[in-house]
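Reader: I've got a predicted model open on my screen and I'd like a close look at just one part of it. Could you pick a spot and talk me through what sits around it?

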Amino acid sequence: MHIRLALPSDLAPTRDRLRSVLGPQRPEHQLDPVSQLIKSLLSARTYDEVSWAAFIRLRAAYPDWEALVHATQAELEPVIDPVTFADQKARQLPILIRVLLLKRGELNLDFLATEPVDEAMAWLMRLPGVGVKIAASVLNLSTMNRRALVVDTHVHRVARRLGLTGRTGDAREAYDSLMDQAPPEWQGEQFYELHWLLKGHGQSLCTHFDPACGLCALHEVCPRVGVSGDQERQVIAFDA
Ligand code: SF4
């Protein structure tokens, strides 16, 4: 059972308020599921622009992902550097590809497009190095476009402050809680949009250290769970 600390709004009104500020977020540049899995692995604790650049270099060096099976850490690390934990990721990638080939006999995750989402999530999370965020990324951000919310650190923080998920608890609990609250009619596009809106909000106004609550479109409905008055960014208004 998931306990919500507050109920300031549903996900749909939250989405609508953020969309009015940040604009609609539509899926574009979607990768095939295997490429998204590799991209998501590179993205862990890494800025998007850094992980995208690393992904593009990796793709250029290994146009056939299967060739990663034989890549060594020494070969991969300089290609993906400076992603965070480049050494670990350079070790993990060939193992991940090897496990995929062993499990499926080919490098193809298209079968997950028709599995129930919970089962697809569980299957992905049994892969080495794959947690709830990467699993949801593969299902939602790729061309599969499935019904799963990617809960990264920004999404988790904003959802917690809004009272949409527990004050404590890990990403898995946040994922489960937010998915439970999602309107049943929502499809992959709505989850995709909510992810990018919450993430964009977390990167711009609802930042880790100094949320700018005075400027926030959710100010009136947000209980600001865990945000102290001292922590709020001081917004100074200048008269024209
Ligand atoms: S009111 Fe403050 S804590 Fe709440 S979502 Fe906005 S910036 Fe974040």
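Author: Lys199 is found in helix H10, which runs over residues 188–204.

So who does this lysine meet? Leaving out residues up to four places away in sequence, Lys199 touches Asp48, Asp152, His154 and Val155. Asp152 is the one to zoom in on: Lys199 forms a salt bridge with Asp152, and their closest N and O atoms are 3.0 Å apart. That pair ties together distant parts of the chain, with Lys199 in H10 and Asp152 in the loop between helix H7 (132–140) and H8, 47 residues apart. Asp152 is also buried, at 7% relative accessibility. As a general point, side chains of opposite charge can pair when their charged atoms come close.

Asp152 caps the N-terminal end of H8, with a side-chain oxygen 3.1 Å from the backbone nitrogen of His154. His154 is also among the residues that Lys199 touches.

Now follow the chain into H8 itself. Seven of the nine residues of this helix (residues 153–161) are buried, so H8 is largely enclosed by the rest of the structure. The buried ones are His154, Val155, His156, Arg157, Val158, Ala159 and Arg161. Two of these, His154 and Val155, are contacts of Lys199. What do the buried residues of H8 pack against? They pack against helix H9 (171–181) and helix H10. After H8 comes Gly163, whose phi is positive, near 80 degrees.

Arg172 pairs with Asp176, the closest N and O atoms being 3.1 Å apart. Both partners lie in H9, four residues apart, or about one turn of the helix. In general, an α-helix has 3.6 residues a turn, so residues three or four places apart point the same way.

Terms used. Residues numbered from 1 in each chain as written. Predicted model: local features only at pLDDT ≥ 70, side-chain atom pairs only at ≥ 80, totals over all residues. Heavy atoms only, no water. Buried < 20%, exposed > 50% of the residue type's maximum accessible area, 1.4 Å probe, protein only. Helix = DSSP H or I, 4+ residues; strand = E, 2+ residues; numbered from the N terminus. Contact = heavy atoms within 4.5 Å. Polar contact = N/O pair within 3.5 Å; in protein donor to acceptor, adjacent residues only side chain to side chain. Salt bridge = Lys/Arg side-chain N within 4 Å of Asp/Glu carboxyl O.
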